[in-house]
Amino acid sequence: VKEAKEHLPPSDPEFLLTDGVFETITIGTLPPLHFLNETVFERTASEREDREKILSHREEKNSDLISGVYKGGLKVWECTYDILEIMEKEGETFSGKTVLDLGCGAGLLGILALKRGARQILFQDYNSTVIEQLTVPNVILNCEEDDEKGKEDLKSGSPPPKKRATDLSKHPLMRKCLFYSGDWRTFLPLVLKKEPQPKFDIIFTSETIYNTCYYPALHETLHKLLGPSGLVYLATKSHYFGVGGGLHLFETFVEQRGVFSLDHLWDGAEGLQRHVVVLRFKK
């Protein structure tokens, strides 16, 4: 079990953006979301701080999932884009809401909530390296100052120079963000120590039900952290070959527990079928 911990934004984030090349995704009326390019990130892996050694393990095993070591947080998975499409379709503004991006990886869902007026966003991923080397830099990239220089940097795909990066780490939007890493079984008791105990209006979780062994910890985390009228947006594939999980098995698990209702928001019909569902407390 990987111990959970809270991560504070770096006082000098410039080194996180060194040699970084980022992409921008724009969906409909959603604000543009910036994130570090995965391929360039991998090529500069040897220069990055990685106490967990997940970058070398990932290269050695050539796998996006390594049990007990790495859970795929360096990759932006397809289902993340499905939730973004749903948010654009529903016109969710997030204004004044608290949001949890559970299993956040690159953090695009939490970053959307941040840019659309959420009051507080908590980013959680299994790996501390993912939080420190990917999630936090991506949040910083999206806190660009509203000036011509900042806009030109973003248009050119260049990271901000050192002074601006330092300024961005103290940006008002950054003060709305909390960052945690660790297993859900240790993350939950750690975050519940906060006073007052957090309750979230919206919880995002994408591609996290690929292994049935994780269902009890995931369900307990959702149960304890979702606000009374809150919504969980969960995106998933129908089945995860080789690991055994999938939507049908999770639906059965949720039904047996009797805590949440589960409704389908979107069901993709092409290829390996993908879905977006919403969970809420039963009345």
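Leaving aside its neighbours within four places in sequence, with which residues is Phe-94 in contact?

**View 1. Phe-94 and its surroundings in the predicted model.** Contact here means heavy atoms within 4.5 Å, and on that basis Phe-94 touches Met-87, Val-99, Leu-112, Ala-113, Arg-116, Gly-117, Ala-118, Ile-202 and Phe-204, once neighbours within four places in sequence are set aside. Phe-94 sits in the loop between α4 and β4 (98-102), where helices (H or I, at least four residues) and strands (E, at least two) are DSSP runs numbered from the N terminus. Although Phe-94 is not a glycine, its phi is positive, at about 70°, and the residue is buried, with a relative accessible area of 0%; buried means under 20% relative accessible area, exposed over 50% and partly exposed in between, with a 1.4 Å probe and protein chains only.

This is a predicted model, in which local features need pLDDT of at least 70 and side-chain atom pairs count only at pLDDT 80 or more, whereas totals for chains, interfaces and linings use all residues. Residues are numbered from 1 along each chain as its sequence is written, and side-chain values use heavy atoms, with hydrogens and water left out.

**View 2. The nonpolar cores.** A nonpolar core is a set of buried Ala, Val, Leu, Ile, Met, Phe, Trp, Tyr and Cys residues joined through side-chain atoms within 4.5 Å. The largest has 42 residues, and Phe-94, Val-139 and Phe-204 have the most contacts inside it. A second, separate core of 33 residues includes Leu-100, Leu-178, Leu-226 and Phe-260.

**View 3. Packing of helices α4 and α5.** Helix α4 (residues 78-90) and helix α5 (residues 108-115) pack at an angle of about 25°, with their axes 10 Å apart; axes are lines fitted to C-alpha atoms, for helices over the stretch in contact, and angles run from 0 to 180 degrees between N-to-C directions. Thr-80, Ile-83, Leu-84 and Met-87 in α4 meet Leu-108, Leu-109 and Leu-112 in α5.

**View 4. The bend in helix α6.** At Thr-135, α6 bends by about 30°, and the proline Pro-137 follows within four residues; the bend is the angle between axes fitted to the seven residues ending there and the seven starting there. Of the 14 residues of α6, 13 are buried, leaving this helix mostly covered.

View 5. A cis peptide bond, with omega about -10°, joins Glu-195 and Pro-196, and Pro-196 lies in the loop between α9 (184-191) and β7 (200-206). Glu-207, in the loop between β7 and α10 (215-225), has a positive phi near 55°.
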